[in-house]
Amino acid sequence: MGVLSTLLVPMGPYYEELMELGGLALCGIGFVAFVVLSVILNVLQQLLFKDPTKPPLVFHYFPFFGSTVVYGMDPYKFFSDCREKYGDTFTFVMLGRKMTATLGPKGNDFVFNGRLSEVSAEDAYAHLTVPVFGEGVVYDVPNHVLMEQKKFMKFGLTVENFRSYVPLIVEQVEDYIKRSKFFKGANGSVPLSDIIPELTIFTAARTLQGKEIRDALDGSFAKLYHHLDSGFTPMNFLFPWFPFPQNKRRDHAQRTMAQFYMDKITKRRANEKNDEDQERSDMMWNLMNCSYKDGRKVPDKEVAHMMIALLMAGQHTSMATITWMLLHVAAQPKLVARILAEQKRVFGDELAPLSYEKLVLECTFLGHIIRETLRIHPPLHSILRKVKSPMHIDGTNWVVPKGHYLLAAPGVSSMDEKYFKNPLAFDPSRWEGQKAEEEAEKFDFGFGLISKGTASPYLPFGAGRHRCIGEQFANVQLMTIMATFVRNFEIQRPGGGSDVPAPDYSSMIALPAPPSIIEWVKRDP
Ligand code: HEM
């Protein structure tokens with residue numbers, strides 16, 4: 001600095017400005033030097049100090065940032081490139097976190113069926129979900145309590161309820177088509193990114209959440225839902241501590257929505273004896289009447305928070321699936337014709353009203369369309385756990401240390417040539433003659449018998465103690481929406497194209513890049 005100021009003194013009136021500029025330049029140079037030095041040290045460390053007791057580390061230049069950008073832009077390409085270089089198990093750095101990916105069916109099993117003493121889902125997800133769902137539920141409670149809560153939620157997902165849901169979903173879809181500006185006239189085109197989020201939430205709300213919640217979605221509840229949803233982004237996951245403005249809105253929405261549910265519960269309890277209109281089969285009614293093993297009744301606040309958790313857990317996953325499904329069948333109109341032919345075979349040429357049993361048990365082709373969609377587009381591309389105690393990887397000298405995150409990507413095995421011929425082709429007929437869930441080992445983690453999924457390369461609903469409880473509901477919802485669409489419209493991609501948009505990974509769920517347009521022609525009434 002001394003030499004610099006001697007040189008600058010003759011500059012007279014500009015001295016101070018120049019000093020400031022000089023200071024800034026020095027700061028800039030210092031920063032660049034710091035970055036260069038840390039990159040050099042980081043690279044040298046990776047080249048010279050490989051630790052043979054840990055899984056290989058994915059090469060990266062920048063410490064802390066590591067592979068964040070390449071992984072975030074296209075996780076499947078990243079997994080495939082790393083797999084070629086390092087094999088099925090490797091560790092990468094994502095914003096200072098060490099993520100160990102374990103790919104393939106064995107890798108899925110390692111993550112999904114890790115012991116409770118070794119892996120924790122709550123440590124991986126709580127910072128994202130607790131502000132959205134609320135306290136006292138899902139990842140804000142010890143695992144054994146979550147298992148009980150999942151059992152309560154499953155009680156509300158009975159065949160009897162599903163039977164009553166089918167006509168309600170049809171009604172919502174047909175009503176939506178009648179009211180939507182995108183379906184005026186005899187033909188037109190529709191951006192799926194505009195209509196599917198609404199259709200999904202209206203149908204889930206009318207069935208699982210009850211009439212009061214569905215009606216409220218036409219009013220202020222919709223805005224609250226959007227504010228809550230805006231707190232469910234990768235940014236919230238990566239920077240849980242950052243005071244984003246949308247987090248304030250999220251917290252307000254969470255409190256207001258929870259209060260809304262609690263007011264409904266209070267009203268229902270008050271009317272319990274004399275209100276004949278009360279919907280005694282919906283999820284809220286079911287949760288209001290559950291008790292924990294220790295005899296404690298589920299408090300109203302937890303009922304409210306579980307209702308929010310169910311709304312959020314099902315919304316993005318089902319919405320992504322129905323969008324991909326419509327795009328794929330629109331890209332191959334012969335599939336649309338086959339779905340309609342199946343509808344006529346099962347329900348008659350006059351297309352009698354849809355019913356649960358016939359739809360789910362007899363419309364097998366439609367079922368295969370859903371399965372094929374979830375094979376190529378499992379909504380959750382990365383499933384995470386935090387490592388609580390060192391975990392040895394079978395057949396290697398590697399130990400994944402405590403504090404790392406484990407990452408399973410069931411989409412990698414479900415799009416692997418080894419298990420599915422021509423894996424990137426959308427071909428529902430590949431499922432013909434195959435059972436829904438192979439005779440896999442079953443286990444009860446506290447919410448009913450489920451497949452441990454140890455050998456299957458196809459696990460869109462996960463496996464083990466955190467396995468999805470919403471699969472059957474999602475199936476009913478997706479099948480009913482799809483069947484109603486195909487009964488009403490012929491559909492195709494713009495100009496009869498056979499392309500399907502590329503996935504966009506910028507949200508938590510892999511969605512097709514918007515607007516995802518399909519063209520429709522109304523069928524004869
Ligand atoms: C868990 C996928 C729909 C509620 C999961 C998991 C997956 C998944 C992969 C495991 C997550 C993990 O292991 O970390 C899907 C897909 C769906 C769908 C692909 C639709 C196509 C639904 C619906 C609901 C729901 C409609 C509610 C009605 C849940 C719940 C869990 C779960 C409560 C348990 C979380 C845990 O135990 O940690 N889902 N899901 N899901 N899902 Fe779903």
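## Leu-95 and its loop

Start at Leu-95, which sits in the loop linking strand E1 (89-94) to strand E2 (97-102). Keep in mind that this is a predicted model. Leu-95 has a phi near 45°, a positive value in a residue that isn't glycine. Most residues other than glycine have a negative phi. Is Leu-95 buried or exposed? Its relative accessibility is 11%, and buried means under 20%, so Leu-95 counts as buried.

You'll find Asn-422 in the loop between helix H19 (410-414) and strand E9 (442-444).

Then there's the peptide bond from Pro-514 to Pro-515: it is cis, with omega near 5°. Pro-515 belongs to the loop between strand E13 (511-512) and strand E14 (517-522).

## The nonpolar core

The largest nonpolar core holds 151 residues, and Phe-79 and Phe-92 have the most contacts inside it. Helix H15 (residues 300-331) gives this core its largest share, 18 residues. At least three core residues come from each of domain 1 (29-95) and domain 2 (123-270 + 278-522).

Which residues does Phe-79 touch, leaving out those up to four places away in sequence? Among them are Tyr-71, Phe-90, Leu-103, His-381 and Val-412.

Cys-468 lies in the loop between strand E10 (449-451) and helix H20 (471-488).

H20 is mostly covered, with 14 of its 18 residues buried. At 1.5 Å a residue, H20 should span 26 Å, and its end C-alpha atoms are 26 Å apart, so the two agree.

Methods: Residues numbered from 1 in each chain as written. Predicted model: local features only at pLDDT ≥ 70, side-chain atom pairs only at ≥ 80, totals over all residues. Heavy atoms only, no water. Core = buried A, V, L, I, M, F, W, Y, C linked by side-chain atoms within 4.5 Å. Buried < 20%, exposed > 50% of the residue type's maximum accessible area, 1.4 Å probe, protein only. Helix = DSSP H or I, 4+ residues; strand = E, 2+ residues; numbered from the N terminus. Domains from an automatic or database assignment. Contact = heavy atoms within 4.5 Å. Expected span 1.5 Å × (residues − 1).
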